[in-house]
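The following paragraphs lead through one chain of a model and then through the contact with its partner. Please consult the sequence and structure while reading.

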Amino acid sequence: MPAKTDLRRFPGFLTVTILCLIVLYAPLIVVAVYSFNASTSITRWGGTSLAWYVDVFTGPEAPKFQQAAINSFVIAITASIIATAIATLASVAMTRTGRFNGKTLSFALISLPLMVPEVVTAVASLVFFTAIGFTTGLMTILIAHIVFCIPFAYLPISARMQSIPDMYEQAAMDLYATPREAFKLVLLPLMTPGILSGFLLAFIISLDDFLITNFVKGAGVETLPTAIFGSVKQGIKPNIMAISTLMLGISVIFVSLSWLIGRAGQNKAKEN
Amino acid sequence: MASTEIAVGIDKVVKRYGPVTALHGVSMDIRENEFFTLLGPSGCGKTTLLRCIAGFEDVTEGVIRLKGGDITGLPPHKRPVNTVFQQYALFPHMTVIENVMFGLLRSGWSKPEAVARADQVLQLVQLGDFAARRPAQLSGGQQQRVALARALAPRPQVLLLDEPLSALDLKLRQAVRMELKALQRETGIAFIFVTHDQEEALTMSDRIAVMSEGRVQQIGTPREIYETPLNRFVADFIGETNLLDVDVRSVDNGMAAISLPGGHCFTCPAAAVVQSGKGHLSVRPERISLCAQGSGDLDATVEGQVYLGTDIHLQVRLADSERMTVRLQNSETTAVPETGAAVGLKLEAGAARLLAD
Amino acid sequence: MAAGAPMGEGSASNIYRGNSLKLMLPAWAMIGVFLLAPVAMMAIYSFLTKEFRGGVIWQFSTAAYDQFFFNRGLFGDEPPTIEWTYIGIFWRSIWQAGVATIACLLIGFPTAWFIATRDAKTRSVWLFLVTVPYWVNLLIRTVSMKFLIRDTGPLNEFLLWSGTISEPLGLINTNFAVQLGLFYSYLPFMVLPIYAAVERYDFALSEAAADLYAGVWTTLRLVILPEVKPGIVAGCILVFVPSLGAFLAPDLLGGAKTFMIGSLIEEQFKGAAGNWPFGAAASTILLTIVMAVLLVYARNQNRGA
């Protein structure tokens with residue numbers, strides 16, 4: 001067969017793509033590799049060792065990082081559950097209650113946390129909590145996290161809800177289900193993949209946050225990112241690389257999970 | 001057979017969506033134990049009317065009664081009517097039997113009773129062995145029967161069917177028609193069936209309401225609708241017909257004296273609403289036969305033919321330049337005139353009918 | 001759909017009609033009370049008098065904005081001249097964010113194009129590979145970058161060892177390092193919207209262009225770019241806006257010379273400066289710039305529709 005001009009191909013695009021992936025992955029891989037370095041000097045390679053992982057769990061800084069990790073996970077789980085619930089209700093309002101006054105405004109409000117720069121949100125939250133006399137601490141971190149997690153949960157949930165025709169709920173109501181029962185017995189089960197991916201997204205976003213947390217955390221309260229930041233300010237130590245690699249692993253597990261759930265949801269949608 | 005008691009009464013129902021009016025004061029009575037069809041083209045308001053009966057749409061004006069009781073303002077889950085949806089809307093996350101039991105459990109049946117009833121209805125639609133399957137594992141025809149079973153299980157007072165055959169392929173559709181009709185007899189309740197397919201309507205219905213642009217054009221038995229259409233729309237929509245613009249000279253006792261633009265005059269039956277002046281003459285193409293020129297009711301010239309397998313459609317032009325189609329049965333003995341040949345057209349009794357707009 | 005409801009209102013379902021307010025209330029309350037009200041409070045704070053070592057005195061003052069824009073000498077009694085320090089920081093931030101955005105576009109467009117033109121199966125794998133780093137903690141990614149490009153880091157070690165260079169590159173604490181960090185932080189934001197636009201692109205248009213004697217690069221310039229422009233613009237906004245207010249990349253990869261808005265603001269609240277009204281004023285100005293960019297974008301979107 002004679003060679004045909006492929007209109008989808010541009011010379012060099014593959015090279016750029018590979019370059020792009022190298023830039024994205026090189027720092028992460030280098031840090032992951034160096035976290036297994038036996039040497040105390042972070043730049044000299046002294047053989048493979050798990051010493052720094054042992055140090056993360058038993059070393060002098062271990063209690064600090066453990067507490068920070070617990071805080072991070074408690075906040076991320078609580079904030080993402082609450083944000084997911086709020087986002088699910090809002091999605092129902094936006095996709096299944098027809099037109100209502102303030103619909104456009106509601107959408108703008110939900111997307112607001114995405115539009116306001118993080119540092120501005122951080123300043124605003126700190127100023128607000130101080131002005132109303134709210135003591136900063138875990139609670140203020142939690143509230144701030146719920147707010148900026150809402151749009152991240154909302155986007156996948158409302159997209160999924162829009163793709164489910166309302167005929168299933170109509171059928172349910174036709175078969176004597178009240179609107180509430182139709183929601184609970186029909187829409188919610190069909191929404192599971194969308195709600196899960198919204199939750200996972202919110203969870204990772206919460207876990208990721210440094211700037212806002214750093215502003216609204218009370219004295220002595222740390223999450224993993226703020227604890228790591230504080231430590232890095234005094235120089236990159238090998239135990240930081242071990243922690244980073246652990247978090248990298250957790251992130252990869254989560255994103256793979258969310259990818260698989262999303263794919264399962266798509267396949268299911270195709271079946272119907 | 002259908003009784004004379006009224007199952008669903010529709011009284012001057014108006015439905016507006018903002019500036020758009022979907023139903024312009026529609027009235028009709030659907031009798032007990034009747035297979036009643038709402039027939040019309042897309043956008044005629046038939047599905048809107050069905051959704052008003054089911055309760056999915058609020059009625060702007062008018063009243064809907066079920067067995068004499070006003071149900072106009074009731075939400076869908078409080079109306080003892082069930083729907084078979086166009087796309088079936090089987091709950092994908094439930095098994096077949098869970099789908100069928102859904103309405104039973106929501107309307108207060110105990111679980112064992114519901115299981116027994118669901119089994120019984122699944123037997124009725126010959127899907128007893130499929131109870132544990134998911135809808136996605138069934139064929140289109142099987143899904144359609146599950147949808148029927150699910151809607152019939154709670155013993156609704158009226159069953160609503162929204163183009164339930166349109167998702168099936170042609171062969172299956174024809175088989176299901178007769179099953180559906182038999183099922184209606186068996187259950188003894190009124191079926192209200194929405195379709196745009198006139199053949200479906202004619203073969204299954206006890207009575208048909210033909211709708212167009214949010215208005216009822218005619219209600220009657222299939223035979224009445226086909227043979228004595230009230231107006232031009234019904235004649236044109238049901239079956240094929242030749243429509244000629246004519247002058248009406250006089251109307252007397254259901255018979256009209258008319259003249260074609262070319263001057264040819266004759267008398268024919270007229271729909272009740274026709275008055276003197278302009279009218280439309282409807283001539284069914286299968287009720288015209290060919291004869292020698294001068295010996296029939298009209299003279300024409302053959303312009304061409306279309307071969308359709310079972311039939312041959314002959315395109316002819318009348319002396320006054322109006323065009324008509326004549327349908328000839330395709331058999332070995334059929335003599336098809338050449339293009340350009342002069343022929344006479346003989347109209348069988350009842351072939352021509354004068355209609356209002 | 002046969003007959004029935006006209007599609008004028010959009011196919012939006014109204015199956016739970018009448019419950020809109022009840023369902024929206026939690027979102028309204030949460031975002032209204034804990035974001036909208038705080039932003040308003042921040043704007044108020046920017047007009048208050050500063051308290052030393054953080055906090056404010058509830059007394060109206062334009063001192064914060066005055067300090068931002070004007071120089072009145074060491075004792076505040078000289079005639080005001082334009083103060084370039086803070087405007088300069090804003091300008092540098094815009095410049096840095098702009099360079100990062102252009103870099104993301106130059107790398108992101110070919111990448112998005114390449115991915116979108118793979119077959120469905122390999123496409124989702126490529127897409128997965130590009131998005132994974134985004135899911136990794138931004139702080140960790142930035143720290144990793146810092147580690148990699150430090151003068152004594154693996155990159156320089158490797159280049160020195162291989163003889164490519166004889167002295168460390170001196171990347172860290174430069175504008176380039178900050179740009180690299182921003183590029184690295186937000187690249188997926190550029191790739192994803194462009195990918196979505198290319199996926200919707202109708203390749204029959206390319207065929208038509210080729211049929212009408214256009215070469216590949218002419219087709220790209222005259223046919224493809226105009227068609228996927230909405231995706232490109234969205235990508236640029238998604239990279240530019242967070243870059244503008246970024247804190248981690250300039251703080252960790254840049255030095256004192258590469259101070260950006262984020263660090264300036266942070267210093268007023270967390271650092272030594274401790275001037276809350278000034279920090280609030282800088283935040284308000286940043287928010288105004290961002291909202292202006294978004295408004296122009298939204299207006300163009302509407303005009304295009």
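**Charge, fold and interface**

Chain B carries 36 positive and 41 negative side chains, and the centres of these two sets are 7 Å apart. Lys and Arg are counted as positive and Asp and Glu as negative, leaving out His and the chain ends; each charge is placed at NZ of Lys, CZ of Arg, CG of Asp or CD of Glu.

The model is predicted: local features need pLDDT of at least 70 and side-chain atom pairs count only at pLDDT 80 or more, while totals for chains, interfaces and linings use all residues. Residues are numbered from 1 along each chain as its sequence is written, chains are lettered from A and ligands numbered from 1 in the order in which they are written, and side-chain values use heavy atoms, without hydrogens and water.

The C-alpha trace of chain B spans about 75 × 50 × 40 Å along its principal axes. Of the 357 residues in chain B, 52% are buried, that is, under 20% relative accessible area (1.4 Å probe, protein chains only).

Chain A and chain B together bury about 2,000 Å², with 68% of it on carbon and sulfur atoms; buried area is the accessible area (1.4 Å probe) that two parts lose on being put together, summed over both. On the chain A side, A:Asp174, A:Leu175 and A:Tyr176 lose the most area to chain B, together 40% of what that side buries. The contact (heavy atoms within 4.5 Å) involves 19 residues from chain A and 27 residues from chain B.

One salt bridge is counted between chain A and chain B, the term requiring a side-chain nitrogen of Lys or Arg within 4 Å of a carboxyl oxygen of Asp or Glu. B:Arg106 and A:Glu181 form a salt bridge through their side chains, at 3.4 Å from N to O.

Definitions and conventions:
Buried < 20%, exposed > 50% of the residue type's maximum accessible area, 1.4 Å probe, protein only.
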